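Take the model below from its overall build down to single residues. Keep the structure in view while reading.

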Amino acid sequence: MDGAVQPVYGPGEIDFDSLEDTPEEYRKMLRTLIGKQYIGEIAACEMFSRAVFHMPDPIHKAELVHTANEEADHVEAMHELATRAGLDVEKWLGIRRPGGAHFLGSEEDVKDWIEVTVFKHMIDRCGRIWLWSMRNTSFAPYAEVLRPILKDEARHGQDGADEMIRLCDAGYREQVQERVDYWFPRGLQLLGRPGSEGNRISYQYGLKLHDSDEEMKKWLGEIKPPLESAGITLMTPEQVKEHGVDVAGVTW
Ligand SMILES: [Fe+2]
Ligand SMILES: [Fe+2]
């Protein structure tokens with residue numbers, strides 16, 4: 001975060017043994033971050049598994065099963081981390097909306113191949129940006145779990161971008177544009193509200209080193225070039241604000 005004071009804990013300074021010596025506020029925020037990711041991984045695993053039916057041929061189906069399997073690995077890794085870090089897993093899972101993911105909701109799901117592709121390029125990548133903020137987190141066991149996950153997620157985003165460009169070249173530009181318009185404000189929203197109390201506490205303890213506005217900038221820097229190559233436009237900051245999304249001073 002620009003101009004902020006140094007975090008209380010440096011990268012990897014805390015482990016399971018020293019966790020109990022940290023302030024309650026630290027442990028609470030750590031569990032919140034782990035819990036949010038845990039639910040996000042479950043959501044991704046579920047969504048990609050269901051979406052296999054939408055894929056048009058055996059190769060695309062197999063590729064998506066592979067992606068869903070990687071998300072399943074992330075779920076297992078996060079489950080173990082969450083349990084060891086003292087997260088009340090039952091409580092976290094209990095707050096999920098019935099039949100769907102915490103951030104997708106039961107009524108919001110991908111409808112076809114085009115939407116799976118846009119989702120991979122934009123929303124799955126959004127999750128990765130959030131994890132990128134924590135790559136040098138002060139809780140060493142978390143940083144360790146994140147390393148292989150970040151590698152998988154980078155590939156998911158790239159696969160989505162490549163496929164999206166192919167779809168546009170094949171005559172589906174209008175449909176891709178429609179899904180981009182739908183998911184773009186939701187992606188910004190997923191990155192959180194810039195300057196929030198959660199961002200402040202996370203930074204203070206070295207848990208998450210970037211505020212939501214920095215994450216938005218990084219996300220935009222990654223999603224924009226493939227969208228441009230595909231001939232897709234993004235709605236303006238003014239249009240996004242009409243959707244009730246707080247982007248602070250971020251422009252594009
Ligand atoms: Fe994942
Ligand atoms: Fe992913």
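Helices (H or I, at least four residues) and strands (E, at least two) are DSSP runs, numbered from the N terminus. This is a predicted model, in which local features need pLDDT of at least 70 and side-chain atom pairs count only at pLDDT 80 or more, while totals for chains, interfaces and linings use all residues. Residues are numbered from 1 along each chain as its sequence is written, and chains are lettered from A and ligands numbered from 1 in the order in which they are written.

Start with the whole protein. Its secondary structure comes to nine helices and zero strands. Along the sequence the pattern reads α-α-α-α-α-α-α-α-α. The radius of gyration is 18 Å, close to the 18 Å that the globule rule gives for 252 residues, so the protein is as compact as a globular protein of that length. That radius is taken over C-alpha atoms, and the globule rule is 2.2 Å times the number of residues to the power 0.38. Along the principal axes, the C-alpha atoms fill a box of roughly 60 × 40 × 30 Å.

Burial comes next. A residue is buried if 20 or more other C-beta atoms lie within 10 Å of its own, exposed if 12 or fewer, and partly exposed in between, with C-beta atoms placed from the backbone. Of the 252 residues, 38% count as buried. Contacts use a separate cut-off: two residues are in contact if their C-beta atoms, placed from the backbone, lie within 7 Å. Among contacts between residues at least 6 apart in sequence, 78% join residues at least 24 apart.

Now look inside. A nonpolar core is a set of buried Ala, Val, Leu, Ile, Met, Phe, Trp, Tyr and Cys residues joined through C-beta atoms within 7 Å. The largest one has 57 residues, and those with the most contacts inside it are Ile34, Val118, Met122 and Val176. Helix 2 (24–51), helix 3 (58–84), helix 5 (113–132), helix 6 (140–190) and helix 8 (212–229) each supply at least two of its residues. Helix 2 gives the most to this core, with 14 residues.

Leaving aside neighbours within four places in sequence, Val118 is in contact with Met164, Val176, Arg179, Val180 and Trp183. Of these, Val180 is found in helix 6. Val180 counts as buried because it has 21 C-beta neighbours inside 10 Å. Not counting residues up to four places away in sequence, Val180 touches Val118, Leu227 and Ile232.

How do helix 5 and helix 6 cross? Their axes come within 4 Å and cross at roughly 145°. By class, the contact of helix 5 with helix 6 has 21 nonpolar, eight polar and nine charged residues. Here Ala, Val, Leu, Ile, Met, Phe, Trp, Tyr, Cys and Pro count as nonpolar, Asp, Glu, Lys and Arg as charged, and the others, Gly among them, as polar. The axes are lines fitted to C-alpha atoms, for helices over the stretch in contact, and angles run from 0 to 180 degrees between N-to-C directions. Gln175 is also found in helix 6. Gln175 counts as partly exposed, with 16 C-beta neighbours inside 10 Å. The C-alpha atoms of Gln175 and Glu115 are 60 residues apart along the chain but separated by 8.7 Å.

Helix 7 has two sides. The buried residues of helix 7 (residues 197–204) are Asn199, Ser202 and Tyr203. They cover an arc of only 95° around the axis, which puts them on the same side of helix 7. The arc is that of the directions from the helix axis to the C-beta atoms. An α-helix has 3.6 residues a turn, so residues three or four places apart point the same way. On the other side of helix 7, Glu197 and Arg200 are exposed. What covers the buried residues includes helix 2 and helix 8. Just after helix 7, Gly206 takes a positive phi of about 70°.

Finish near the end of the sequence. Val240 lies in helix 9. Val240 is partly exposed, with 19 other C-beta atoms within 10 Å. Leaving aside neighbours within four places in sequence, Val240 is in contact with Pro185, Leu188, Met235, Val245 and Val247. In the segment after helix 9 (237–242) sits Ala248. Ala248 has a positive phi of about 50° although it is not a glycine. With 12 C-beta neighbours inside 10 Å, Ala248 counts as exposed.
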